[in-house]
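Please look over the notes below with the structure open beside them. They are brief and can be taken in order.

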Amino acid sequence: MKFKIKKYKYVILAVAFSFISCDDYLDINDNPNNPTEAPLAGLMVNSTYESSQNTFRMGDIATNYVQYLASPNAASSSDIMEPVSYSGTWGALYNVMTDINDMILQAQAEEANHYEGVGQILMAYNLGMAVDAWGQVPYSEAFNFVTVTPSYDDDAQLYEEVLGLLDAGIANLSAETNASIGDDDFIYGGNAENWIKFAYMLKARYLNHYSETSSYDPTAVLAAVGNGFDGNEDDAQLEYFAEQFNPWADVAIDNANLFLGGWISEQFIQALDGTTFGVEDPRLPLMVGATDDGEYIGTVNGAGRGDAPEQGARSVLEEGDFYTTRQGPLLLGTYAEQKFIEAEAAFGIDKARSYQAYLDGIRAHMNKIGVESSEIEEYISSPEVSMGVDSFTIDDIFKEKWVAMFLNPEAWVDARRYDYNYEDFDLPENLNPDLNGMFIRRLAYPDSEISRNGSNVPDVTLLDAIFWDE
Amino acid sequence: MKLKTTLIAILAVFQFASLFAQESSVSGLVTGSESGEPLFGVNVLIKGTNRGTTTDFEGNYQIDVAPGEVLVFSSVGYEKQEVSFTGQSTIDVSLVEDLESLDEVVVTSFGIEQEKKSLGYAVQEIGSEEITKTKQQNLVSALQGQAAGVQVTNSGGAPGMSARIIIRGVNSLDPNADNQPLFVIDGVPIDNSTIESAGTPRGLSNRAADINPNDIESLNILKGAAATALYGVRAANGAVIITTKKGKAGRVRINLNSSVGFDEINQFPEFQETYGQGFSGNYDPESFWPNWGPSMEEINQIDPDVRFYDIWSDAMRKGTQFDNNVSISGGSENATFYGSIGKLDQEGVIPFSDWSRTSAKLSGEVKFSEKFKFSGNINYSVSGGNRVPHDRFMERLVYWAPNHDVEDYINPDGTMKTYGNTNPIYDARFSTFEDEVNRTVGNLRFTYSPAEWLDLTYLIGTDYYSDKRTEVTPGPMGIDGENPLSSTGFIRETRINSRDINSNFFVTLKKDWTEKFNTTLRVGNDIFERDYERLDATGENFVIPEFYDLSYASQISTSQDKRKRRLVGVYGDLMMSYDETLFLNVTARNDWTSTLPIGNNSFFYPSVNLGYVFTESFEQGDWFTFGKLRGSWAQVGKDTDPYLIGQTYSSPSIYPLGGQVGFTRFSQFGDLGLKPEKTTAIEFGTDLRFFENRLGLDVTWYKSNSKDQIIPVPVSESAGFSTFVTNAGEIENTGWEFILRGTPIKSENFRWDVSFNASYNQNEVKSIREGIEEIVVGSQFGYGGSSVTIKLLEGEPYGNIFGTSYSRFGADENSIYLNEGLPIIIGENGFPSRNSTQLVLGNTTPKWIGGLKNDFSFKGFDFSFLVDFRAGVDQYNQYDNFFSAFGIAKYTLNRNETIVFDGVNADGSPNTQQVWLGQGEGPDGRNYGAGFYRNTYRTVSENFVQDAAFIKLRNITLGYNFQDNVLKVLPFESARISVAANNIILYTPWDGFDPESFSSGAGGNATGLTGLGYPGVRSYFFTLNLGL
């Protein structure tokens, strides 16, 4: 009997050891590294910063197509317009659109109208970039994990969404807000007026994209321009940080470290050094670097650097120029661009206004990047630039806008709307033979989408145009 | 209140201990029957109890015993002997030698010793000598070729570099899963993760490398789910059970062990040594292009002083290693101890790579009474070194023109000396990465045996380490005309702290129901916790050149990662044996994990295995010594990593920026209904021994299916996440294992033992998830679009390499496999045309692996060698891709030849067009641009996915043990000298450095991508062992 009691005690001992209260002990799976909610300000910081980064990423893709830059390696895929899978940029665009989506939903719940308004403008901006590159993309089933395989929306309809978002953004920014934006806004520091102007400027930009379609309404473009920027001081731009340099400065630094990139296209050099247009552009030395011998020599797109060494013999992006200053700005939308939009829209309505807007656009860009005023006047007064209203053509607008949009992805939209019709603009050497001697019209859908969402991905070739490019 | 009850219970238990009385003491001498010499360390046990002792150095023992009890004398290498106690005061025993003891004891779960013949599943034990003989400093590497079904791969030849171990194939579809087994030391699991460097690969250590192999007594590999069911989720990939050395009662023994070794690269690729610097056949001493210039003959006509250096040998050095160990052990009947100190210093073949390990170990066991035992173990180690950026080093060596002396790398002012390209040695010297791991592994074990039929054991262990890493890349020194390694320079400080705690309490109940039928029941509780934290701080742009401190960097970014995981398990294990013939073992376990959603976090899994020693039941010829059939069915559950469930936000590491912290929705979403994975395994085997155990054959067949895999499914980023962690997919491994061993010669002076093992594994991804076509395990760069990707596809085996190929005439458009048998299509330009569609070019998982071991002993001499092999494996040879792109490979010597490519035209007619392989204008006046190798060859992945089979002489050792006549005049008890050589490649179709090296490190699954890995080395050792 005594023995039996002892036996039970062992059992009690064992049981006591075994069942240390499990539930509390195991309830430790709340992530200490990542919160389950994000502050509106934190989403604003990332949304503005990443929108700027996306401008760089899309610009980086477009620079070869519009022949700002050329690859130092022969027949490099992007340079010869082969299909390249830009999974990373696609992912970055959707990441920030997801964050903007969360910011909008959260702002709606908190009636933080200004946050909602900025969110809508940034959504329009990123969505617009995605549509301009790929055409049909997911949107209506995107962001909120309603499905693992979101369907693709029609690109023309998405443009209506973009314009609707801009209008909604303007309305929200004009309303009262429960929470004001501050330094968490890297673009305008919370200034609602500036955001409204930027929204109108973007409206003008996207309405102007319809130029080749039957729905083009230049009056509407000019109406938007009227509410847009009033000068360079209104420009939408993001100035970089001591901790995080301007990405174009990084390209220049990497190139100096022999991680080659940022080599200037011969097309761009010749357009600015007088070869193509007979006038030397004072912006050239402020935009790109010279060779060791102080010359400006470009690289032919698709041809690579040939026997040129890795350094010193060709023009490249050099650290410290306007576009490549460590803590310098990256431009999202500028007064100069707006002026060229105005010039294009007014061209068929009021040619004198168009001509003036064209000259103002050049002047705005030159002021922006710091050209001496005497040089500005000298350049503008040259007959090649100030040809007079009568001799003034749409080609002049596109040429000068192309210079002013240096490294910006919008330049590729212009190039396609203009059918790459720039003076002496040649196809790259070693062109992708599938293009049948034509310029690229869109990006291929990235491999990540094809492998993860294959059944929804539209079947397109690089020659299939975006809806506005007819 | 609860505490009080517990105390009373414990007191009651102690009280119980003194119940047995009426014992008398017996003593005696144990000798060997052949030699008549006293035997030290013989176990003397009272049958059916846990009371026992061991003989001292003079062979004497003393033990308390009650009349009617039976004394059992046992010792390794001798037959067991039983003597009944009838009141004698002295019992002297003479043990008969039995070199082939059948009652092999193996250590399974929780340090429990079990007779091997009772097991219904395959285990394989590796002894202390077999480990130290390999001279491998990483104990994982020491397992190479030694056990069937166990694949061990060195990730490279750097000192301290990680080695990967996979048992019976990869069990997970998750490309990031660690498919390696659990490592257990003295019953307590330890961490064997490999935390690779951020950025360029530097070849860090797997944490088991912190263990000094000299401290290991034996190592057991538990392969299947059956063997590991009791370790639960963490052993789902098998377990490596390590038992460390313990002291033995008797005289204090001191062992000294000193070894010096040398490393050199074991195989070089075939290089061309004809063409020098330049491009298109034009010599240029400042050209970026190392080998597309003219021949040396032509170069010397331009400049007679130009030499062609053997940069591949010049840049390397002879590696060295010094290993010194002292151990001291001994004890009395009631207390034993073992202590050791080891120091290893290694320098690798790439300059400035080094690693060292200092380890100290102390273990002891105390018997407070016949009923209460306590043992403890503590191991402290400091390890680390400078990890050179080997991948970048080798890449820079590729770019280095052999017309320049690579060893002449530095100017007097400390800046880099170069003709243009970065000097690899300069980079290796100044781009440093130093790690230091301070680690303590310890455990305490309490055993209380209040009654013959009852044991209570409590085991608690901890594994704590801090890993301190400092990486520095210098910025410019501020000297005119310098070529800095980086325009900014950076310092990255990483601090990792990890602490594991394991607690395990179990009760063992034994009962002999009849003479023939016995049972043992074990029930227990197991608790595990891991607390991990990592901090990273990076500073860029040094304010003062060469002053490397975070405080003096102008751009700072930081990140932090904290993780905690807990597991609670309850298990039961019932073993039944009938007449030493039939053994049935049933286990059951339930685990609760912190990493799965509450409600889904409890999971139960059973196992059953049966062993039948049929030779006990039937009469058979004398030649048939032993035969056993075994079978098992088992399940193992598996949880996942912490914090995977639901949606979170994160702050990317770039923040804060301008004083602001940005947030982004975390890209991963974890299924709210995530449930445990389940692996079901069946296994059948037989163990046959003949001619008094001089010949043995062991065959095993297994099949395991892992279902409901927890995998990060990549989903369209537009969905709002890029990864959805959910239960999806199934993977199956089926295989055979064979072990054949024998003792062909056994005479008084000469003995020859041989053992051969081979295993075959077949793997299939049974399913992934609807809508998900493929899972990418890894990819690697190749020039001109020849990058390759390892992908998992439904119905295909693990490890298929996809890449570009030559277009084939008549190829099946629907096949994902390249059909190499078909003729190559030659394009209109006369060169082979390229198919850019990604096809399967090979598979990176070996079909066959195995090893052959031979041991010879003759008087004091012993000689042994171990060969291991793998077959049916392909790898992507990134070196070869670079060597073709830069004209370094020997086969590019034909660059100035005009040939007709073997193949057919688009219409199927044979190709007859002559083409020149060189660059620029050919003899036929046509412009060939960058030439065949750059235009075509380097862009076709097919050229670089190559057969990576090998046969290696892993180790060859010749040793001499000094005999008594010499030892008599020396102050030593034993003395041995030996010489050994390791890792000599006997055969491989692979052209390049050792095909074993790969770039991802032991934790990665993309082993088939060699990268520009640290070249493999062969080593030579001279070793002296002395016993005092």
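This is a predicted model: local features need pLDDT of at least 70, side-chain atom pairs count only at pLDDT 80 or more; totals for chains, interfaces and linings use all residues.

1. The interface. On the chain B side, 63 residues are in contact with 65 residues of chain A. Several elements of chain B each supply at least two residues of the side that touches chain A. Among them are helix 1 (2-17), strand 26 (490-512), strand 27 (517-542) and strand 29 (582-593) of chain B. Strand 28 of chain B gives the largest share, 11 residues.

2. Composition of that side. The chain B residues touching chain A divide into 30 nonpolar, 24 polar and nine charged.

3. A helix pair in chain A. Helix 7 (residues 192-208) of chain A packs with helix 8 (residues 218-226) of chain A at an angle of about 165 degrees. Their axes are 7 Å apart. Angles over 145 degrees count as roughly antiparallel, so helix 7 and helix 8 of chain A are roughly antiparallel to each other. The crossing of helix 7 of chain A past helix 8 of chain A is left-handed.

4. Residues in that contact. Helix 7 of chain A contributes Tyr200(A), Lys203(A), Ala204(A), Leu207(A) and Asn208(A). Helix 8 of chain A contributes Ala220(A), Val221(A), Ala224(A) and Val225(A). The contact residues divide into seven nonpolar, one polar and one charged.

5. Domains of chain B. The domain assignment gives domain 1 (23-98), domain 2 (123-265 + 318-389 + 431-771 + 847-875 + 951-1027) and domain 3 (800-843 + 878-943). Taken over C-alpha atoms, the centres of domain 1 and domain 3 of chain B are separated by 76 Å.

How values were computed
Residues are numbered from 1 along each chain as its sequence is written. Chains are lettered from A and ligands numbered from 1 in the order in which they are written. Two residues are in contact if their C-beta atoms, placed from the backbone, lie within 7 Å. Helices (H or I, at least four residues) and strands (E, at least two) are DSSP runs, numbered from the N terminus. Ala, Val, Leu, Ile, Met, Phe, Trp, Tyr, Cys and Pro count as nonpolar, Asp, Glu, Lys and Arg as charged, and the others, Gly among them, as polar. Axes are lines fitted to C-alpha atoms, for helices over the stretch in contact, and angles run from 0 to 180 degrees between N-to-C directions. Angles under 35 degrees count as roughly parallel, over 145 as roughly antiparallel, 65 to 115 as roughly perpendicular and the rest as oblique. A crossing is left-handed if the near helix is turned anticlockwise from the far one by less than a right angle, and right-handed if clockwise. Domain bounds come from an automatic or database domain assignment.
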